[in-house]
Amino acid sequence: MNRIIFGGAFDPVHNGHINMAEKAAKALDGDVFFLPARISVWKDSSAPREDKIKMLELAIKGHKHFHIDDYELNSGEEINYSIDTIRYMKEKYPKDNIFYLIGADQVNEFHRWKEAEELSKLAKIIFYKRPGHQINDENVKKYQMIPILGDDYDVSSTKIRELKSLELPDEVLFYIVENNLYSGMVELNRILTPHRISHVKSVAKLAYEIAISNNLDKPLKYYFAGLLHDLGKDIPLEEQYKIVCEHFSEYKNLPKFAYHQFAGAYLANKMFEVKDKDMLEAIEFHATGNSNMKLMGKIIYAADKIEPTRGFDSSDLIAAMKNNAEEGFKIVLKANKEFLLDHNKSIENDLTSKCFKQYL
Ligand SMILES: [Fe+2]
Ligand SMILES: [Fe+2]
């Protein structure tokens, strides 16, 4: 059997890792063993080892050729040398072929590794070759390294920890959010009150479920738009208004409750580098609606109004959204209009009245 060792910080595991592991497993017809490293001290933040393992478990679910080995995590050593890990694997599986997967950037430094020569004899070194990446051919020849060809799949763990990249398995993102891991979640918890945090998590979850049951592409985008939709809500009203005047001046005469949707879109871009137009628009009009809403906008609008922690029985409305989001949106909109009128809330603002006129 071919066993491929894939060591790394996996803090957290992301689509770049999964992609590399898939390519290696296929090229060598082997099983991949993820070996998370013990130490990873980032400037921003790092996850406890139990969380790293749980995220790996979520990421490899359904990949029957992927496994996790916690040898390095539990080794008790300050620094783990690859040579020790390989000796451990060799001992554990004496009859099998051991491969050691490294990134293209590690190829150039390989001669500096502890017992590099011996290492390359015990295990075959394979490396993931990306187009446009300079490789030290001398090392490739000397240590008889085998290239695995792959596409340019550049994913940054730093950006993922900062919630500035969605290039990770869906369930891993949910885990990060639910457990408030890494610097991005620290920021989110700083700008939103605890009450708001539970609301946005609930909106995110519902928006994701609606996207899944409607077979929509990239459901994680719906989740993330839901998570960020109220970013502007807990900052002082004067600050919200200032953002509206500076960046959305055509809307500065709207009632006060609407300021936060514009501030939210502005902050989603500034704090979390959201550039996707549909996501930004969905945040920008989630409270008022408008006369020209895309499906993501309709889903975030609806999920915000009917998420289960709102305190009323919204199960029929949720079912309608899951069944057909376009049709469900009209039903939610109608229910919301009745609610606003019943509670003597004004629906006279320009955006909301145009929204009702367009869709009801
Ligand atoms: Fe809101
Ligand atoms: Fe909200």
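In the predicted model, strand 1 (residues 2–8) and strand 4 run parallel to each other and are paired over five bridges. Within this pairing, arginine 3 has isoleucine 98 of strand 4 as its bridge partner. Strand 4 also pairs with strand 5 (residues 124–129), again in the parallel sense and over five bridges. Strand 4 itself spans residues 97–103 and is mostly covered, five of its seven residues being buried.

These pairings belong to an open sheet of six strands, arranged in the order 3-2-1-4-5-6 with parallel pairing. Strand 3 (66–68) and strand 6 (146–149) stand at the edges; each has a single partner strand, so one side of each is left without a neighbour in the sheet. On average, neighbouring strands of the sheet are turned by 30° against each other, direction ignored. Strand 2 (residues 31–36) runs parallel to strand 3 and is joined to strand 3 by three bridges. In this pair, phenylalanine 34 lies opposite isoleucine 68 of strand 3.

Helices pack on the sheet. Helix 1 (residues 15–28) touches strand 1, strand 2, strand 3, strand 4, strand 5 and strand 6, and its direction makes about 160° with that of strand 1. Helix 3 (residues 82–92) also packs on the sheet, where it touches strand 1, strand 2 and strand 4; the direction of helix 3 makes about 150° with that of strand 1.

The chain as a whole contains 18 helices and six strands. Its C-alpha atoms fill a box of roughly 80 × 40 × 35 Å along the principal axes. Of the 360 residues in the chain, 39% are buried. Among contacts between residues at least 6 apart in sequence, 67% join residues at least 24 apart. The chain is divided into domain 1 (2–157) and domain 2 (192–359), and the C-alpha centres of domain 1 and domain 2 are 42 Å apart.

The largest nonpolar core comprises 96 residues, and those with the most contacts inside it are Ile5, Tyr100, Leu101, Ala207, Ala225 and Ile299. Both domain 1 (2–157) and domain 2 (192–359) give residues to this core, so it lies between them. In soluble globular proteins, nonpolar side chains tend to be buried together.

Apart from residues up to four places away in sequence, alanine 225 touches Ala207, Met279, Ala282, Ile283, Met296 and Ile300. Some of these contacts fall where two helices meet: Lys221, Phe224, Ala225 and Leu228 in helix 11 meet Met279, Ala282 and Ile283 in helix 14. Helix 11 (residues 219–228) packs against helix 14 (residues 277–284) at an angle of about 35°, with the axes 10 Å apart. The crossing of helix 11 past helix 14 is right-handed.

Glycine 184 is located in helix 9 (residues 182–191). With 23 other C-beta atoms within 10 Å, glycine 184 is buried, the cut-off for this class being 20 or more. Leaving aside residues up to four places away in sequence, glycine 184 touches Arg161, Glu162, Leu163 and Phe272. The C-alpha atoms of glycine 184 and threonine 158 are separated by 9.9 Å, while the two residues are 26 residues apart along the chain.

Note on methods. Residues are numbered from 1 along each chain as its sequence is written. Chains are lettered from A and ligands numbered from 1 in the order in which they are written. This is a predicted model: local features need pLDDT of at least 70, side-chain atom pairs count only at pLDDT 80 or more; totals for chains, interfaces and linings use all residues. A nonpolar core is a set of buried Ala, Val, Leu, Ile, Met, Phe, Trp, Tyr and Cys residues joined through C-beta atoms within 7 Å. A residue is buried if 20 or more other C-beta atoms lie within 10 Å of its own, exposed if 12 or fewer, and partly exposed in between; C-beta atoms are placed from the backbone. Domain bounds come from an automatic or database domain assignment. Two residues are in contact if their C-beta atoms, placed from the backbone, lie within 7 Å. Helices (H or I, at least four residues) and strands (E, at least two) are DSSP runs, numbered from the N terminus. Two strands pair if DSSP finds at least two bridges between them. Axes are lines fitted to C-alpha atoms, for helices over the stretch in contact, and angles run from 0 to 180 degrees between N-to-C directions. A crossing is left-handed if the near helix is turned anticlockwise from the far one by less than a right angle, and right-handed if clockwise.
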